[in-house]
Amino acid sequence: MLSVLDVFKVGIGPSSSHTLGPMVIARRFLEEAEGEGCLEKAERVLVDLYGSLALTGIGHATDRACVLGLLGERAETIETAAIEEMTAKVESEGRIALLGRHGVGFEKKRDVRFAPPGDVPDAHPNGMRLTLLDGQGEALFSQVWYSVGGGFVRREDEMGVADPQTATPAHRFTTGAQLLAACDASGLSIADVVLENEDQLRPREETLAGLDAVWRAMAACIERGLSTEGELPGGLQVARRAPALYASLTRSLPNEREALFDWLNVFAMAVNEENAAGGQVVTAPTNGAAGLLPSVVKFYCAMDGVTETGRIRDFLLTAGGIALLYKEKASISGAEMGCQGEVGVACSMAAAGLAAVWGGTPRQVEHAAEIGMEHNLGLTCDPVGGLVQIPCIERNAIGAVKAVNAARLALRSGEAHKVSLDQVIETMRQTGKDMNAKYKETSEGGLAVNVVAC
């Protein structure tokens, strides 16, 4: 039983699947090696990256993430300001303290290896093998892992195997139709159905505290992005735009109708500029799509110094419930689905969340989620230079506006609609499977080859 708090993870940028996932994998690999009594015998560690992890690994800071994970760091607690110092120390000393306590020789350029194009695992495009070696270069412990999107990770033997049930949901649903049926049977909103499921995992007070912590992390990210100026790392020479736009908005206080777009744009861009700089963000459902939900929540539930906690919780519960459907029936991995699986899913989630806080019925909320995805079908992931900057930052801004419009359309259309959320999720899955691999987070097609990276 997945939780909405699994969907909303606090991590570091720029990518949930290429940064957060490998960081988690590296730490968990060493923890398992230690459990087998192999860690203290190791003299060297190797990390081999395959598929999309190899093709865009430098731009997504995958090699740096592996170093941090090997050090035993956790994305939710790491001091982002200290990352450069930690990695520089490893580079200068030529050694790394595995899990922070067992030192071995290490050179990142030698020991984090990128497989050539075409070497793509069958199980998932984001594959990596980790190996501990003894003093004679013999393998002591080796595992294959996959970063499957949104910071979720799987060992090779876990791929295609259902997660063990840690609890029995109060309302069992894996499809939109089942979710609506649960609402009909109970008389509850989608948010309350999801919340009652969360009650099976932990006391309700802990769930609500977790949701509040998610929003605080989102809001803090917005504030950092609005106040931090400069150029984003990576060589594209992309300047942060959110601070200047925010200053313009607060200085002139525009009252034209189109100012709505400016506010949604600036909040979304603030988050994704932070993400591109390697800052702390919340997967929603991924890092590449991290700005969309916070933008919509901020504008409609937390403007002018007023934070409507109840509405924010309902928004996140509803959006998280929709995300679970995509996770169950398709994927939130850009390497599998293209950007329809990231910004497309985020747009669907945000549209549903906003429709809910606007008082929509469960069917109107489901309709909003469907509209949010329907008009993102086929969206490719082709980041220039392998960096989560172009087109990713602006794409979140456009997605936030689109989500609001999807919610409006759903609420103005009544409850009846021709295309169901289940149908659009299955269409997204099929489209992702059919999409040429060069448009799925490889930087081998689209804007990535038609725009000069540097």
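Leu 292, Leu 293, Pro 294, Ser 295, Val 296, Val 297, Lys 298, Tyr 300 and Cys 301 are the buried residues of helix 12, where buried means under 20% relative accessible area with a 1.4 Å probe, counting protein chains only. This is a predicted model, so local features need pLDDT of at least 70 and side-chain atom pairs count only at pLDDT 80 or more, while totals for chains, interfaces and linings use all residues. Residues are numbered from 1 along each chain as its sequence is written, and side-chain values use heavy atoms, with hydrogens and water left out.

**Helix 12**
- Helix 12 spans residues 292-301, and because 9 of its 10 residues are buried, it is largely enclosed by the rest of the structure. Helices here are DSSP runs (H or I, at least four residues) and strands are E runs of at least two, numbered from the N terminus.
- The cover over those buried residues includes helix 9 (204-227), helix 11 (259-276), helix 13 (309-329), helix 15 (343-357) and helix 17 (392-412).

**Cysteines**
- Searching the whole structure turns up 0 disulfides, a disulfide being a pair of cysteine sulfur atoms within 2.5 Å.
- Cys 301 is buried at a relative accessible area of 1%, and its sulfur sits 16 Å from the closest cysteine sulfur, in Cys 347, so that is too far for a bond.
- For Cys 381, the closest cysteine sulfur belongs to Cys 339 at 5.6 Å, again too far for a bond; Cys 381 counts as buried, with 9% relative accessibility.

**Ser 52**
- Ser 52 is part of helix 3 (residues 52-55) and counts as buried at 3% relative accessibility.
- A polar atom of the Ser 52 side chain lies 2.5 Å from the backbone oxygen of Glu 441.
- Leaving aside residues up to four places away in sequence, Ser 52 touches His 18, Gly 57, Pro 125, Asn 126, Ala 335, Lys 440 and Glu 441; contact means heavy atoms within 4.5 Å.

**Two domains**
- The chain splits into domain 1 (16-158) and domain 2 (176-200 + 202-439), with bounds from an automatic or database domain assignment.
- Taken over C-alpha atoms, the domain 1 and domain 2 centres are 30 Å apart.
- At the interface, 19 residues of domain 1 are in contact with 18 residues of domain 2.
- Domain 1 and domain 2 bury about 1200 Å² between them, 57% of it from carbon and sulfur atoms; buried area is the accessible area (1.4 Å probe) that two parts lose on being put together, summed over both.
- In domain 1, Ser 16, Gly 59 and His 60 lose the most area to domain 2, together 29% of what that side buries.

Conventions:
Buried < 20%, exposed > 50% of the residue type's maximum accessible area, 1.4 Å probe, protein only. Polar contact = N/O pair within 3.5 Å; in protein donor to acceptor, adjacent residues only side chain to side chain.
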